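The structure comes first, and the notes follow by topic.

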Amino acid sequence: MPSRRTLLKGLALAAAASAVPLPAFAQPGYVPPLRQMRGMWIASVVNINWPSKPGLSAEQQKAEYLAWLDVAVQRKLNSVFVQIRPTADAFWPSPYEPWSQYLTGEQGKDPGYDPLKFAVEETHKRGLAFHAWFNPYRVSMQADPAQLHPDHPGRKHPDWIVAYGGKLYYNPGMPEVRKFCQDAMMDAVLRYDIDGLHFDDYFYPTNTTDFDDAEEFAKYGAGFPDLAAWRRNNVDLMVQEMQQRVLEAKPEIAWGISPSGIWRNKASDPLGSDTNGGQSYDNLHADTRGWVKKGWLDYIAPQLYWYIGQPPADYSKLVPWWADVAAGTETLLWIGQAAYKAGDPAQAPEWQQPDELSRHLTLNRDHPEISGDIWYNANDVKVDRIGSISTAVADHYQRPALAPVLPRLARGKAPSRPVVAYALHRHGGVEVRMVATGREEPFLYAVFRFDRPAGPGAFDDARNLVAIVPGDRQVRWVDPDGRRGHHYYALAVDRANRTSKPSNGFRVI
């Protein structure tokens, strides 16, 4: 078996001979990060991912969800973003809105279990973070209010909803609507052990020329120069108030949004990107750049669903633009990646290249403001058309990674240093036993393996990180590649991804 050094040297020589770029892990000076967001979106609206169709039994739905967690583990991810309020409905027994029709095929019908409770618990058992994904204002994918459940808030308050583009929306211009939507989403935050509250990119519907909110503008729009400015303020209020409510209720969870990838084009605003595409500031009334600069988000995950070099929206131009927006702020920057385009025959030739997405992550490495990626959507991560996902995983996810720590939580108390009770050579590898020492049970253990005792800075990156193991008071883990002479250490990791000081080292004899 060749050594890693020999393997990397061979890769370098082969790449030089063929002019093929080296995979990220083989490039000179590359150091795998200890922390990196590696997430995927699991969509429920119109049964995109989970459940795969309405009307499945509770056991079938549970089995499907567990299979999605298998995909996340297989692809070496550390987080899932699960859509639990796709259309003003709920994947939990909500006192505000009815059960989602995407569970049973009938809005308001009890699925026979609590999907959110099940999903959160099972996600945590795998050592993954669960981000609850909400659509703030969409009420229905069809435009007839009479088709809503009789107890739906849109039936009880018909003045709250607006039909537009074949769909129904809550009216963002009504203060009572904004508060109701916040209350409905905060119910899940308060009652469930989630790790994050996540919005997608839908606020006002796109290009709202005929969106019927003239009455609300007349009532609440005094002092604004025009309708668009008032609408942007309505969305700003939703974002700012959600931050305040999360910080008051559960400051340990992450709050963020995945907006469309273009704030404004440079032709519209000198602060904009060198692009010529749909502008969230104008088309959705979403001032995404402003939210970052004003510190209203823990993270932003712009959907950069374009290939490198694509006109009129080039991935390689948008990445540095967003990095510049995030620079100097406490808002983390994660990139939404278009797994759904890779290998789709309807897409451009560039999307037929197996390494297109891998090249995105390689480019990201030139911008330290970027601390990870989220993949859309789970099915595309699973099916791996043309090997695009497995290529990105092989090139960039060679080592495990903890999710990033939110800057505002980094100053919190770190978990207690664990103990490695033993590391014993067994049939099938080395068995390592880790024991918690503090009152709080670790959420995870990060296990490191060295050929010699660890020196200063050895735990600052993932070069020697071999596993991230779900936490407990005592955990046994087997390293199939372990052998005599290896030294093992562990860090305890809490729910905010803060890490302890390293444990004692244990040498296998």
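Lys76 sits in the loop between H2 and strand E2 (79–85), where helices (H or I, at least four residues) and strands (E, at least two) are DSSP runs numbered from the N terminus. The model is predicted, so local features need pLDDT of at least 70 and side-chain atom pairs count only at pLDDT 80 or more, while totals for chains, interfaces and linings use all residues. Residues are numbered from 1 along each chain as its sequence is written, and side-chain values use heavy atoms, with hydrogens and water left out.

**Positive phi**
- Most residues other than glycine have a negative phi, and most peptide bonds are trans.
- Lys76, not a glycine, has a positive phi of about 65°.
- Lys76 is partly exposed, at 38% relative accessible area (buried is under 20%, exposed over 50%, partly exposed in between; 1.4 Å probe, protein chains only).
- Asp384 has a positive phi near 55° and lies in the loop between helix H13 (378–383) and helix H14 (388–396).
- Asp384 is buried, with a relative accessible area of 15%.

**Cis peptide bonds**
- The bond from Trp50 to Pro51 is cis, with omega near -15°; Pro51 is in the loop between strand E1 (37–42) and helix H2 (58–74).
- Pro311 and Pro312 are joined by a cis peptide bond with omega of about 0°; Pro312 belongs to the loop between strand E9 (299–300) and helix H11 (315–326).
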